[in-house]
Amino acid sequence: MNRATLYTRSPRTRARRTEGPGPVLDAAGADEPRPPPAPRAPGPVRRSLQRHRAGGYFLGGLAAALLGVALQARLTPPAQFLTQEDVDAAVLHTLETKPLPSRAAQAAAAVMPSLVRVRTNLPDDRRNIDLPRGRATGSGVVVTDDGSILTSLHVVLGAERITVTFHDGQEIEADLVGARPDKDLAVLRPRKLPDDLRPATLRPVAGLQPGDEVVAVGFPFGIGASVSSGVVSGLGREHSAGDGRPTLSNLIQFDAAANPGNSGGPLVTMDGQVVGIVAAIVNPTDQAVFIGIGLAVPIEDAASALGMPPA
């Protein structure tokens with residue numbers, strides 16, 4: 001038989017009974033849960049481990065960042081420094097594979113936006129007269145911001161109505177506002193200006209020499225716009241048309257093809273500047289076709305027709 005040892009205290013004091021295994025009971029005999037143990041402060045070893053662990057996180061992040069920078073540097077191609085030999089080789093390759101426009105093409109392109117076609121209606125009493133082909137059609141060039149157009153006087157002389165066609169295709173009526181019969185020059189003013197009006201660049205004859213390249217741009221026989229190229233053949237020439245018009249002097253002779261309809265059009269240097277106004281062709285026969293001699297009025301004389309001082 002087992003003995004039981006009892007300890008009794010005051011009513012508020014827990015009674016402990018050791019009577020074999022079993023739960024601890026209070027005075028009333030009910031179970032009482034034990035309070036959780038108080039957290040213990042980490043010891044010096046654990047604190048050291050925590051510090052090393054935080055440092056490891058930092059070092060790991062730093063190593064990852066350095067690795068990313070190294071990979072980026074390896075993947076990025078190194079900067080290349082071009083030498084003069086590299087530049088020369090690239091230019092030579094471009095010239096060999098992509099031909100540049102000719103000088104004549106560049107000169108014509110510079111003046112094309114300023115080129116106009118000039119057409120006229122003749123009065124009834126002159127319609128049946130046998131006039132040279134191209135008398136009712138010609139060329140002109142815009143030379144000022146207000147739309148002033150230079151052309152040959154014989155293209156518009158006696159016309160009832162003058163119409164000019166601009167580079168963008170607009171057809172606009174124009175008025176004859178100035179003339180120099182001794183130079184066969186006329187100044188036209190359109191009644192309305194196109195939005196993209198672009199006057200040509202003018203240059204004086206000074207410095208022009210025989211053999212210099214030029215292009216004649218206009219509407220030969222009403223076909224247009226047409227470009228022909230050649231050279232300056234001579235300077236200071238004279239010409240008489242023999243139809244009652246005055247003798248023209250101080251003309252530029254050139255061999256770029258010109259025909260009826262080119263009259264009034266620009267003679268252009270290779271830098272795209274207008275140096276003269278095509279006035280006539282020379283042919284010892286009765287045929288009004290080009291045989292190699294064209295004549296142009298220097299732009300200095302054309303400027304005087306506009307009331308502008310010579311360049």
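**Entry 1: strand β13**

I began with strand β13, residues 274-281, in this predicted model. Seven of its eight residues are buried (under 20% relative accessible area; exposed is over 50%, partly exposed in between; 1.4 Å probe, protein chains only). I took strands and helices as DSSP runs, E of at least two residues for strands, H or I of at least four for helices, numbered from the N terminus.

Next I looked up the partners of β13. Strand β12 (residues 266-269) pairs with β13 in the antiparallel sense over three bridges. I called two strands paired if DSSP finds at least two bridges between them. Pro266 stands opposite Ile277 of β13. The β12-β13 hairpin has four residues between its strands, and Gly272 there takes a positive phi near 80 degrees. Strand β14 (residues 294-298) also pairs with β13, antiparallel, over five bridges. There, Val278 has Ala296 in β14 as its bridge partner.

Notes on conventions: residue numbers start from 1 along each chain as its sequence is written. Local features need pLDDT of at least 70 and side-chain atom pairs pLDDT 80 or more, totals for chains, interfaces and linings use all residues, and side-chain values use heavy atoms, with hydrogens and water left out.

**Entry 2: Ser263**

I moved to the loop between β11 (248-254) and β12, where Ser263 lies. Is Ser263 buried or exposed? Ser263 has a relative accessible area of 13%, so I logged it as buried. I then checked its contacts (heavy atoms within 4.5 Å). Leaving out residues up to four places away in sequence, Ser263 touches Gly138, Ser139, Thr151, Ser152, His154, Val155, Val278 and Ala279. With His154 there is a side-chain to side-chain polar contact at 3.2 Å. A polar contact is a pair of N or O atoms within 3.5 Å; within protein, one must be able to donate a hydrogen and the other to accept it, and residues adjacent in sequence count only if both atoms are side-chain atoms.

**Entry 3: the barrel**

I traced six strands that close into a barrel, in the order β3-β4-β5-β8-β7-β6, with antiparallel pairing. Neighbouring strands of this sheet are turned by 40 degrees against each other on average, direction ignored. Strands β5 (residues 149-152) and β8 (residues 185-190) run antiparallel and are joined by four bridges. Leu150 has Val187 of β8 as its bridge partner.

**Entry 4: salt bridges**

I counted eight salt bridges (a side-chain nitrogen of Lys or Arg within 4 Å of a carboxyl oxygen of Asp or Glu).

Glu213 and Arg103 meet at 2.6 Å, N to O. Glu213 is in strand β9 (residues 213-218) and Arg103 in helix α3 (residues 103-111), so this pair ties together parts 110 residues apart in sequence. Glu213 is partly exposed at 39%.

Arg119 and Glu171 form another salt bridge, with the closest N and O atoms 2.8 Å apart. Arg119 sits in β3 (residues 115-121) and Glu171 in β7 (residues 171-180), so parts 52 residues apart in sequence are tied together. Arg119 is partly exposed at 29%, while Glu171 is exposed at 52%.

Arg189 and Asp146 meet at 4.0 Å, N to O. This pair links β8 with the loop between β4 (137-142) and β5, 43 residues apart. Arg189 is partly exposed at 32%, and Asp146 is partly exposed at 41%.

Last, I noted a salt-bridge network that links Arg161, Glu173, Asp175 and Arg191.

Key. Axes are lines fitted to C-alpha atoms, for helices over the stretch in contact, and angles run from 0 to 180 degrees between N-to-C directions.
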